[in-house]
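The entries below follow the order in which I looked.

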Amino acid sequence: MEETFQNKANWTYLDREYYYFLSNMSCLTVMKLPYTARCRMSQQVTDCRAIINYFNYFEMMYCTFHISHKLAEIGVMLLFLLIVVLFLVLMSYTVNTLFSPALKILSIKMHMNEYLAGVTLLAFGNSAPDMISNLLPIRAEAPIFTIAISNAIAIILLSGGMVCFVKPFKMSGPSTVRDLLFLFLGVQVLRYIVFHGNHVSFAESIGLLSIYVAYLIINILDLILMRHTMRKLRSEINILKSEPSSQQRNYELSRKMQRLVTLEDDDNVLIKDSAGSELRGSSQVGNSRSFGFATPRPRPRPAPVDFNVTRVILHNPSNPKNLFLISEFLESFIPISEEDWELGGWFRRTFLIVRSPLVIFVTIFVPVVDYEKDKHGWSKLLNCTQIITNPIFVITLVHTMLASSYTTWHINLNFSISVWSLCVTVPLALAVFIHSRTDKPPGYHLLFITLSLSSSMLLITICASEIEVLTTILGIVFDLSGNFMAISFGSIANATADLITNSSLAMQGYEKMAFAAIIGGPVFSIVVGMGVAFLFNPMVRQTGSSFWLYGEHGGNCYIFLSLAILTTLWWCLTFNFFARRSAAIYSWVLFVLFIVFSAGVEWDVVHEFSDDQFFTPI
């Protein structure tokens, strides 16, 4: 039948009916068929082929493993859970080693402060994959309102709660209130657009996107005004210091200096000793207060690192250009550092051993640019080979994903375009090798950040999408609806990448950037992600599109996201913008209530927060 579908001109009436049947058949239905029929049907049902990425898990289950009973199916689900863990490990390593250092360097070069970097660069990095997903054919008639809102709930409550728990800190009050109110405005405008006229117009899509333009302008103006205020305060402090000492003068001087110190703390992104921070954190493992529910005393922020010093720390003009070339290259592939091994217990060492193949794989293709490291992570021979391997790696994965050609349970790698990159990268790598030294990175080493950032974002996107596919299959096997899977398994899988990235940055001393991204990410997804999807999806212009855009759980998601935003604003004001662990516990409890209520709606225990749908008879 597969071959018959290739030539539609020769189709009979039965062929057309059968094709129409398969095109409209849900993958949930396949799970109700006898096990002997599932292999063939999973290959032909359009909905099953849409729930795959780089691996065809349905074909793996029923055609490769030949599952024939429920116990074997559950066993394969446990295997898939282990695969999810491996994807999480790869994602965590990519975020800590590649994405976070590149993001910090980019923020410095663009003269941003932590908050602006969080609501722009980090928020875009976290939310761009979901925006791209909204443009895919699989979501052409999907309840993307429900998906976007549930993802925002998971990010704010799970990721936000994690940052507050692992690193309690003092927030930027005005910025936090402003961004929460912008998020609330975006949610209200989005809901109005979806329901107004029972469809979404082109003008309404542009109007939704304009909210993000205003949001960006206000954030940039806020940073400009803050720096203007700092310059003004410095001038006033210098004038006060030249005046004779008096009680009034001393009071004004103290007040202005305190204000200046507060603003300077929020001004720039500093490269901090995150390794030392993690070491101090690990030394407190035995302290029960550090890991209890009580908010601990704020720990000193990691000391700043002079990245100009770390760049030339090993440089000596009298050294040969290729000193320790081979030994440095081989040391770069050691997946476990001596310090990590000596300080780790048996569980940590087991984790490091399991992670080692993934670390070696990433090292082959992706360069590290990290201002905290000696020579900023420069390894001459390794980086020269990565000039060749990295473009092949990125182009092949992207081209393969777009081609989506399968002959078995995994996608067929497509090198037809990527091989041509050798014409440029091989001469470039030779030129860099001839020009550069081993003891100091070249002046153009910063350009490697484009390779590092693009590769890390691609790896994070692949890991997140594979986790979403696996959790979706898990829901299908246990006979759950697509709407419920999207707001439960899907939202948690989507928030996992954000949670790992934001908690990692918080532990490294960039908790303000992390929390800014927790609010800025949903703003981007709801305003830009939905606005772009409405702009390029002609299906939303049709009358009645509001029904499938909103979905069965749209009302529940809207109510709980409104609760999440307003109660986050409430505890921020109550705690005077100190992020505390009690706020984290509250956020997690609210998310559990959201899942429990959604499960109740799924199983018809409770009614959703929306009116029943009525259709006018034709």
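Which residues are exposed on the other side of α11? I found Q247, Y251, Q258 and V261 exposed there, where exposed is over 50% relative accessible area, buried is under 20% and partly exposed is in between (1.4 Å probe, protein chains only). I note that this is a predicted model, in which local features need pLDDT of at least 70 and side-chain atom pairs count only at pLDDT 80 or more, while totals for chains, interfaces and linings use all residues. Residues are numbered from 1 along each chain as its sequence is written, and side-chain values use heavy atoms, with hydrogens and water left out.

Entry on α11. I took helices as DSSP runs (H or I, at least four residues), numbered from the N terminus, with strands being E runs of at least two. Helix α11 covers residues 247-265, and its 19 residues should span 27 Å at 1.5 Å a residue, which agrees with the 27 Å between its end C-alpha atoms; the expected span is 1.5 Å times one less than the number of residues. I then listed R249, E252, L253, K256, L260 and L263 as buried in α11. Seen down the axis, these buried residues fall within an arc of 100°, so they line one face of the helix, the arc being that of the directions from the helix axis to the C-beta atoms. The buried residues of α11 pack against α10 (202-242), with contact meaning heavy atoms within 4.5 Å.

Entry on aromatic pairs. My search of the whole structure gave 24 aromatic pairs, counting rings of Phe, Tyr and Trp (its six-membered ring) with centres within 6.5 Å, and calling planes under 30 degrees apart stacked, over 60 edge-to-face and the rest tilted. One of them is Y57 with F80, edge-to-face at 5.3 Å centre to centre and 70° between the planes. Y57 lies in helix α5 (residues 57-64) and F80 in helix α6 (residues 70-109), so this pair ties together parts 23 residues apart in sequence. Y57 is buried at 2% relative accessible area, and F80 is buried at 2%.

I next looked up F195 and Y550, whose ring centres are 4.5 Å apart with planes at 70°, so the pair is edge-to-face. F195 lies in helix α9 (residues 173-195) and Y550 in helix α22 (residues 545-550), so the pair ties together parts 355 residues apart in sequence. F195 is partly exposed at 38% relative accessibility, whereas Y550 is buried at 5%.
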